[in-house]
Amino acid sequence: MNSFSLADCTTVEAALSQLKDGAVVKAGGVDLLDRMKNGTDTPKRLVNIRNIQALRGIQSTPEGLTIGALTTLAEIADDPTIRSHYTVLADACGHAATPHIRNVATIGGNLLQELQCWYFRSAEFQCIRKGKEQCFAFSGLNQYHAIMDYGGCPSVAPSSGAVALLALNGTVELTSAKGKRTVAIKDFYVQPDANPSRFHVMAPDELLTAIHIPKPAAGTRSAYQKYGEKESHDWAIADAAIVLEMDGNICRSAVVAMGAASPVVRRSREAEAALTGKPITAETARAAGKAAMTGAMPLSLNGYKVQLFPVAIYRTILLAAGQMDRDPSAAG
Ligand SMILES: Cc1cc2nc3c(=O)[nH]c(=O)nc-3n(C[C@H](O)[C@H](O)[C@H](O)COP(=O)(O)OP(=O)(O)OC[C@H]3O[C@@H](n4cnc5c(N)ncnc54)[C@H](O)[C@@H]3O)c2cc1C
């Protein structure tokens with residue numbers, strides 16, 4: 001059994017002063033405790049930030065939205081401002097995991113949960129992400145793995161929140177004893193080819209303290225849908241976050257973001273080009289879904305994702321445009 005000490009902090013300053021000698025932050029604990037129980041993480045010291053009230057809450061201003069890192073997924077999903085003006089984020093948080101987990105899981109922890117790959121998450125496999133040379137997924141069980149941009153590691157980006165925040169042009173605020181810095185979600189995660197042992201750009205002495213989202217332009221509509229093997233209690237095998245800036249029925253600009261396609265949440269510029277300057281119809285939505293698969297390189301067991309993603313994107317575009325109800329076969 002791995003024994004560890006626990007520092008319970010009620011202020012950001014106290015937590016930052018504890019972040020040394022390999023200490024690990026615990027927020028809701030959903031992902032961290034899973035990893036500790038699996039034996040993949042054996043920290044000697046946990047810093048519990050869950051009781052820092054200053055990191056909770058949602059603030060709406062004329063410039064946009066600030067969400068404290070400890071705000072739960074349920075609080076975000078139920079917030080009336082987020083539901084009406086940042087719908088894609090309410091949908092993503094409201095369909096992650098299960099109602100029980102959403103009451104405990106924080107948005108900061110959601111963005112920082114580790115990659116979903118059963119080899120990486122098993123203490124028995126020493127893979128490229130753990131500083132070794134081998135990836136077991138390429139020749140092993142890869143049905144839930146990436147179909148794009150995977151380089152030497154096809155594990156997938158697990159965070160539904162990150163897909164929505166990428167689509168909304170969100171940024172994260174990182175705080176250390178030296179001060180604060182802001183990083184765009186698009187630059188926050190590290191491609192495995194750039195550095196297989198780093199999943200994001202945060203330093204061990206930093207806390208993720210807040211998320212900022214700029215106010216969407218007038219005429220913006222958005223939606224997120226997640227497709228999984230189960231209706232609930234599971235991660236996505238394909239998910240899409242769509243933000244459309246509309247001028248009547250003409251799409252002025254579009255963001256098409258995908259989660260479980262690659263190790264890092266990604267935008268499909270090809271799908272966005274298929275929508276920009278055009279009316280949103282079943283035909284343009286279908287063309288965008290197809291364009292999103294440009295460059296897909298499925299593995300031995302996940303060719304089905306190349307068919308599933310275009311459907312997910314097509315339906316989520318029509319949902320965002322108000323031309324379809326939420327898909328009853330979507331998970332959540
Ligand atoms: C059955 C199941 C289904 C799930 N389905 C989904 C899904 O569909 N979509 C989805 O997105 N997620 C899903 N999840 C994952 C779940 O949403 C995350 O595990 C949860 O959001 C993590 O939040 P937490 O607050 O518990 O983080 P923790 O477990 O406390 O922390 C996670 C990681 O982030 C670090 N950390 C947390 N907060 C901070 C901070 N403020 N600053 C610095 N470091 C920090 C911790 O050190 C740790 O490494 C699922 C989980 C389960 C168990």
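Leu141 sits in the loop between helix 7 (107-112) and helix 8 (160-167); helices (H or I, at least four residues) and strands (E, at least two) are DSSP runs, numbered from the N terminus. This is a predicted model, in which local features need pLDDT of at least 70 and side-chain atom pairs count only at pLDDT 80 or more, while totals for chains, interfaces and linings use all residues. Residues are numbered from 1 along each chain as its sequence is written, and side-chain values use heavy atoms, with hydrogens and water left out.

With a relative accessible area of 46%, Leu141 is partly exposed, a class between buried (under 20% relative accessible area) and exposed (over 50%), with a 1.4 Å probe and protein chains only. Together with Trp118 and Leu301, Leu141 makes a nonpolar surface patch of about 280 Å². Patches are made of residues with over 30% relative accessible area and no salt bridge, where like charges are joined within 9 Å and nonpolar side chains (Val, Leu, Ile, Met, Phe, Trp, Tyr) within 5 Å. The areas come from the Shrake-Rupley method with a 1.4 Å probe, and for residues only the protein chains shown count as cover.

Let's turn to the domains. The chain is divided into domain 1 (54-113 + 155-214) and domain 2 (220-320), with bounds from an automatic or database domain assignment. Taken over C-alpha atoms, the centres of domain 1 and domain 2 are separated by 20 Å. Between them, 26 residues of domain 1 are in contact with 25 residues of domain 2, contact meaning heavy atoms within 4.5 Å.

Domain 1 and domain 2 bury about 1900 Å² between them, and 67% of this is on carbon and sulfur atoms. Ala157, Val163 and Leu166 supply 27% of the area that domain 1 buries against domain 2, more than any other three residues. Buried area here is the accessible area (1.4 Å probe) that two parts lose on being put together, summed over both.

## Salt bridges

Over the whole structure, a search finds 15 salt bridges. One of them joins the side chains of Asp31 and Arg121 (2.9 Å, N to O). Asp31 lies in helix 2 (residues 30-38) and Arg121 in the loop between helix 7 and helix 8, so this pair ties together parts that are 90 residues apart in sequence. Asp31 is buried at 14% relative accessibility, and Arg121 is buried at 10%.

Arg83 pairs with Asp91, their closest N and O atoms being 3.6 Å apart; Arg83 is partly exposed at 37%, whereas Asp91 is buried at 10%. In the salt bridge of Asp247 with Arg252, the closest N and O atoms are 3.8 Å apart. Here Asp247 is partly exposed at 46%, and Arg252 is partly exposed at 39%. Salt bridges that share partners also join Asp31, Arg35, Asp41 and Arg121 into one network.

## Two buried serines

Ser268 is found in the loop between strand 12 (266-267) and helix 10 (269-275), and at 0% relative accessibility it is buried. Apart from neighbours within four places in sequence, Ser268 is in contact with Val256, Met258, Ala291 and Ala292.

Ser176 belongs to strand 6 (residues 171-176) and is buried at 9% relative accessibility. With neighbours within four places in sequence left aside, Ser176 is in contact with Leu16, Asp205 and Glu206.

Note on methods:
A salt bridge is a side-chain nitrogen of Lys or Arg within 4 Å of a carboxyl oxygen of Asp or Glu.
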